[in-house]
Amino acid sequence: MFSFRKRALDDVEAGAAEEKKLKVIRPQRLPHGLYNQGATCYLNSVLQVLFMTTEIHDRLDPKSQITDEELRNLFEELKKATCGTEKITEILAIENVHEQRDAVECLELILHEVSPQASEVFEGQLAYTTKCSDGHNINEETNPFWTLPLSLKDTHDDTTYSVENGFKRIFQLKSFSGDNMVYCNECEKKTDATCGCEMVTYPQILILLLKRFDFDYSTMSYFKTNRCVDVPRTLQRKNNKYELYGMVNHMGGLRGGHYTATILSNEDKTWYEFNDDHVSQVGEQPWTSNSSTAYLLMYRASGEKSGEKDTKKEDGEMTRENTWKSSSNIKKNIIITAIVCGCALILIVPVVWFMKKA
């Protein structure tokens, strides 16, 4: 009897331990996908990236823009189940859902249609300054951007393209000489010149476009390159650091293909592959190997910059407080000096009068 009870107790404990183990290794719930209407994989990939960009969720204003309203409704549905995109294609005036379009053009169309407070999350500004060899400013202009294009043609096609180096090349000085000299009004002639670029407004979300679709002037035709690229996990520009959280990929050729999205979830810090209505967990971190399909790269600001702003603000408040204290101390010193001088006069006047009488 004792042996039977002991075996029963051991079975119960073993069952509890197994149940606890199952709870620990229980697979996590996958994010939901989007149904393809025909050839709308480009739209699905862009929408999944926007859905995972939580910075814009609270900025969507359903009262001001119908696009904001439909995006918010779609995002709420995506939290619960796989859903369709018929209302989105309708408000974006996409009539032929069996015609594949470019994902970048689709993204910029959406950013153009949403309210400004939503699209400004992706907006930065580049300032260009052209100077002659004598240092005179020939031209200065500042242009906004949503995406920064990186040409894949500037180095040998048989080598792996470095996204990090391509990003740095945007800010390198460009020289103009010979037949490319620039006219300077102050010099009143054409002269050698340099053009520099600087990012004066850093976006919260930095989008890099790898120009896989380009135009070849030697053949006067468009082409697509499947060149491998090194995708860095982080990008740094001065004191601004960005971390990769999403990629839109394109497989196929110039005339057709398929889009998917690879995105890092903010909730569980896991990378997922979004292939229309099919979603799977990515076993390997996507930046560890060269990619021949990466097309759009999404980077999120690390948040260090906002801390610097807060510090400056506090420093400014302390400076104003110290200025006020200093002003108060000066007033007190003036009053004390006036009182001392008054007392001295009271003492001196009787003495002078007495001396005159004497």
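Predicted model: local features only at pLDDT ≥ 70, side-chain atom pairs only at ≥ 80, totals over all residues.
**Stop one: a helix pair.** Select helix α2, residues 41-52, and helix α3, residues 66-78. Their axes lie 11 Å apart and cross at an angle of about 80°. That makes α2 roughly perpendicular to α3. Now show side chains. From α2, L47, Q48, L50 and F51 make the contact; from α3, L71, L74, F75 and L78 do. By class, the contact has 7 nonpolar residues, 1 polar and no charged ones.

**Stop two: salt bridges.** The structure holds 5 of them. Start with R59 and E120, whose side chains meet at 2.6 Å, N to O. R59 sits in the loop between α2 and α3, and E120 in the loop between α6 and β1, 61 residues apart. R59 is partly exposed at 28% relative accessible area. E120 is also partly exposed, at 43%.

Next, select K79 and E76. Their closest N and O atoms are 3.2 Å apart in a salt bridge. K79 is partly exposed at 43%, and E76 is partly exposed at 38%.

Move to K238 and E198, a salt bridge at 3.4 Å, N to O. K238 lies in the loop between β13 and β14 and E198 in strand β8, so the pair ties together parts 40 residues apart in sequence. K238 is exposed at 52%; E198 is partly exposed at 21%.

**Last stop: T262.** Find T262 in strand β15, residues 257-264. Its relative accessibility is 4%, so T262 counts as buried. The T262 side chain makes polar contacts with the side chains of N249, at 3.0 Å, and E273, at 2.7 Å.

Note on methods. Residues numbered from 1 in each chain as written. Heavy atoms only, no water. Axes fitted to C-alpha atoms, helices over the stretch in contact; angles between N-to-C directions. Helix = DSSP H or I, 4+ residues; strand = E, 2+ residues; numbered from the N terminus. Parallel < 35°, antiparallel > 145°, perpendicular 65-115°, else oblique. Contact = heavy atoms within 4.5 Å. Nonpolar A, V, L, I, M, F, W, Y, C, P; charged D, E, K, R; others polar. Buried < 20%, exposed > 50% of the residue type's maximum accessible area, 1.4 Å probe, protein only. Polar contact = N/O pair within 3.5 Å; in protein donor to acceptor, adjacent residues only side chain to side chain. Salt bridge = Lys/Arg side-chain N within 4 Å of Asp/Glu carboxyl O.
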